[in-house]
Amino acid sequence: MPLAFSTLGCPGASLAQVIGIAREAGATGLELRAAAGEFIYPGMDAAACSAVAGELADAGLEVLALASYVRVCAASDGTVAVSVADGAAPGAADGAADGAAVYVAGGAAPGAGYPADAQAGYPAEDPVLAELLAAFDLAAALSTGNTGQGAQVRVFPGAGLEPCGVGEEPSPALAAADLRAARRLNAAAGHARDLGVGILLETHDSHPRASDVARILAHVEADAPVKVIWDLMHPWRHDETPERTAALLTESLAYAQYKDGVRTPDTHDVVLTLPGEGQLPLLRMNALAAEIAAMQGIFDPWVSLEWERAWHPELPPVGQALASLKALLA
C-alpha cells in the first residue's frame with residue numbers, strides 16, 4: 001500500500017519537517033500544497049524548485065501531485081458566460097470576445113481537432129488559463145527524480161455555484177461552467193503533454209460527484225492528459241453511492257483521497273473525524289478504487305490522506321491520522 005499525504009495536513013511545516021512526518025508514517029508520496037506561506041508556492045524560481053526536488057528524491061519521496069488551487073470552471077475577465085438557455089447555439093458559452101487575442105495549445109487554428117461544443121480558443125489574458133499553465137511548469141520542476149508516474153497537477157472545478165441534485169439536470173450556469181472548464185483543459189493540454197504533466201480534476205465544490213465531473217470530461221478531447229482524483233468524502237456527502245462513483249470513474253481515476261467524518265442529518269455538512277471513526281465506508285471505497293486500478297494494470301495503487309488541518313486546526317496532527325488510516329486498511 002503506497003501511502004501518501006497532502007501537506008494540507010501540516011500547514012506551515014518546513015520541508016525537513018514534512019520529510020520527518022513521512023518517514024515516521026512510512027509514507028512514500030506527497031501531495032504538495034502550493035500556497036503562500038508553504039515551502040511550495042506559485043512563482044517559485046528554478047533554483048528553489050531544484051533544491052526541493054533534490055531533497056525529496058534523496059528522501060525517497062515521490063511527488064504524487066502538485067495540489068494547486070486553479071479553478072478551471074471559474075469565470076474570469078475575457079470570457080462571456082452565455083448559455084443555451086439564453087438563446088445561444090450549443091457551444092457558444094464563454095467564447096473569446098470579438099477581436100481578443102486567442103491562446104491555442106500547440107499553435108493550431110482555434111478549435112482545430114476539438115469537439116464543436118468545446119472549442120479550445122481562449123483569450124490570452126485569461127488569468128485562470130495562465131495560472132494553470134504556470135502550475136504545469138512548477139509541477140514538472142518539482143517532480144524531477146520521480147520514479148513512478150510523471151508530474152501531476154490537482155485542479156478544482158470551482159464554478160462558485162451550488163451543485164445540482166442527484167439525477168437533476170445542471171442549471172444553465174452550471175452547464176456553461178462545464179464548457180468553460182473543458183475549453184481551458186483543451187487549451188492547456190498541449191503544454192501539459194509537452195512537459196509530461198497529468199491534469200487531475202478533483203471531485204469537489206461545484207462538481208462534488210463523479211456524475212458532475214463526467215459532464216466536464218465529456219467535452220475534453222480524448223488525448224488530453226486529464227484524470228480524476230476521487231475525494232472520497234464529497235460524492236458520498238452529496239448522495240452518490242460509492243458504486244456509482246466508481247462506475248463513472250472506471251476510465252478516468254488517477255487515485256483516491258482518503259478522509260472520514262460524520263454527516264449532519266438532512267444536510268451535506270460533515271464533521272471530520274480520524275479515519276475509521278466516521279461514517280464513510282472507507283473499506284468498501286478502498287476496494288472499489290483498487291478494482292479500478294487493477295483494471296488499469298495497477299495492482300498496488302496509491303492511498304493518499306487529505307487531512308484538512310489547515311482549515312480545521314483543532315484536528316489531531318497528520319501523523320495521528322496517517323496511523324489511523326494505516327490501521328484501518330491493514
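## The whole chain

With everything displayed, consider the contacts in the chain (heavy atoms within 4.5 Å): among those between residues at least 6 apart in sequence, 76% join residues at least 24 apart. This is a predicted model, in which local features need pLDDT of at least 70 and side-chain atom pairs count only at pLDDT 80 or more, while totals for chains, interfaces and linings use all residues. Residues are numbered from 1 along each chain as its sequence is written, and side-chain values use heavy atoms, with hydrogens and water left out.

Colouring by secondary structure shows 9 helices and 12 strands, taken as DSSP runs (H or I of at least four residues for helices, E of at least two for strands) and numbered from the N terminus. Of the 330 residues, 53% count as buried, a word that stands for under 20% relative accessible area with a 1.4 Å probe and protein chains only.

## Select 282-295

This selection is helix H8, whose 14 residues reach 20 Å from first C-alpha to last, close to the 20 Å expected at 1.5 Å a residue (the expected span being 1.5 Å times one less than the number of residues). Show the side chains of Leu 282, Met 285, Leu 288, Ala 289, Ile 292 and Ala 293, which are the buried residues of H8. They cover an arc of only 140° around the axis, which puts them on the same side of H8, where the arc is that of the directions from the helix axis to the C-beta atoms. Their packing partners include strand S8 (226-231), helix H7 (242-248) and helix H9 (318-329). Gly 297, which follows H8, has a positive phi, near 85°.

## Select Ser 206

Where does Ser 206 sit? Ser 206 lies in the loop between strand S7 (198-202) and helix H5 (210-217), and Ser 206 is buried, with a relative accessible area of 2%. Leaving aside neighbours within four places in sequence, the contacts of Ser 206 include Pro 157, Gly 158, Ala 159 and Leu 174. The side chain of Ser 206 reaches the backbone nitrogen of Ala 159 at 3.0 Å, and a polar contact of 3.1 Å joins the side chains of Ser 206 and Asp 205.

Key
Buried means under 20% relative accessible area, exposed over 50%, partly exposed in between (1.4 Å probe, protein chains only). A polar contact is a pair of N or O atoms within 3.5 Å; within protein, one must be able to donate a hydrogen and the other to accept it, and residues adjacent in sequence count only if both atoms are side-chain atoms.
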